[in-house]
Amino acid sequence: MGVIYLIRHGETEWNSQGRIQGHTDIGLSEIGRSQAVSTAKRLENIKFDAAYSSDLTRTKDTAKVILGNSSTPLQATETLREYHKGVFEGLTVEEYSQKYPDLYEASLVNDLDFSPTDGESARQVNDRMAKFSDEIKSKHDSDTVLVVGHGGALRCLVTNLLSLPPEFIFKLVTNNCSITVIHTYPDNTVLHLYNDSSHIKKDN
């Protein structure tokens, strides 16, 4: 049996401002770093055999705080990046609804194939996460693995790990530094915990 711990990165200033980040490389805020420390305390007794994060600063830094002095190397990969949000990046919902009204209206529908100009669709991200899901299950079938990523991409990863239809991503939410735990077996995967951020509410 393998165990996968999925963690969303800590809060950034853009998160607190409601700005769309996507592929824009924004670092953790003071609150986000504090959230990562709280998560590290929650997981301090877990020995990770492997650790992955996206290659963006907010995820790498969250992962490094969680790993602490562990000898487990962090493998940062573009595959785990958030949706590329194209022209929406850097803007709040109010700002892009005014600047790109047609795209805003289209974004309100749960459409797997919608993408903002120069951005990615949910289906494209889901396909990207499907490949990572297959890889992590085959390479770490009996390991305990840390994966630190982004809200939208992690929702896609969860649906793939659990063999759910891609439309299921629209029914999930992932909070900053929340913990999701999935156990993997040769013929099945089982969700044991989802979006648990009780350690954040207590400490922050």
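**View A. The lining of the second largest pocket has seven nonpolar, four polar and three charged residues.** The model shown in this and every following view is predicted. The second largest pocket has a volume of about 190 Å³, and its lining is made up of 14 residues, among which Glu 44, Ile 46, Ile 66, Leu 67 and Ser 70 lie nearest the centre. Two elements, α2 (30-42) and α3 (57-67), each give two or more residues to this lining. The largest share comes from α3, which supplies three residues.

**View B. The largest pocket holds about 800 Å³ of space.** Its lining counts 32 residues, and those that lie nearest its centre are Glu 82, Tyr 83, Lys 85, Gly 152 and Arg 155. Sorted by class, the lining residues of the largest pocket fall into twelve nonpolar, twelve polar and eight charged. Helix α7, which covers residues 151-161, gives the most to this lining, with three residues.

**View C. One cavity of 30 Å³ or more is counted in this model.** About 30 Å³ of space lies in this largest cavity, and the residues that line it are Leu 6, Leu 154, Val 158, Thr 174, Ser 178, Thr 180 and Tyr 194. When the lining residues of the largest cavity are divided by class, four are nonpolar, three are polar and none is charged.

View D. Of its residues, Tyr 185 belongs to strand β5, which runs over residues 179-185. The relative accessible area of Tyr 185 is 35%, so this residue is described as partly exposed. A residue needs over 30% relative accessible area to take part in a patch, and the 35% of Tyr 185 can be read against that cut-off.

**View E. Ser 163 and Cys 177 each have a positive phi.** Most residues other than glycine have a negative phi, and this is the background against which the view can be read. For Ser 163, a residue other than glycine, phi is near 55°, while for Cys 177, likewise a residue other than glycine, phi is near 60°. Ser 163 is found in the loop between α7 and β5, and the loop between α7 and β5 is also the place of Cys 177.

**View F. Asp 61 and Arg 33 are joined by a salt bridge that links distant parts of the chain.** A search of the whole structure finds eight salt bridges, and this view shows one of them, in which the side chains of Asp 61 and Arg 33 meet with an N to O distance of 3.6 Å. Asp 61 lies in helix α3 and Arg 33 in helix α2, and the two residues are 28 residues apart in the chain. Arg 33 has a relative accessible area of 38%, so it is described as partly exposed.

**View G. A salt bridge brings together the side chains of Arg 128 and Glu 120.** The distance from N to O in this pair is 2.8 Å.

View H. Lys 139 counts as partly exposed because its relative accessibility is 46%, and Glu 135 counts as partly exposed because its relative accessibility is 35%.

Technical notes
Residues numbered from 1 in each chain as written. Predicted model: local features only at pLDDT ≥ 70, side-chain atom pairs only at ≥ 80, totals over all residues. Heavy atoms only, no water. 1 Å grid on protein atoms, 1.4 Å probe; cavity = no way out; pocket = protein on both sides within 12 Å on 5 of 7 lines; lining within 4 Å. Points joined across faces, edges and corners; volume = space filled by probe spheres on them. Helix = DSSP H or I, 4+ residues; strand = E, 2+ residues; numbered from the N terminus. Nonpolar A, V, L, I, M, F, W, Y, C, P; charged D, E, K, R; others polar. Buried < 20%, exposed > 50% of the residue type's maximum accessible area, 1.4 Å probe, protein only. Salt bridge = Lys/Arg side-chain N within 4 Å of Asp/Glu carboxyl O.
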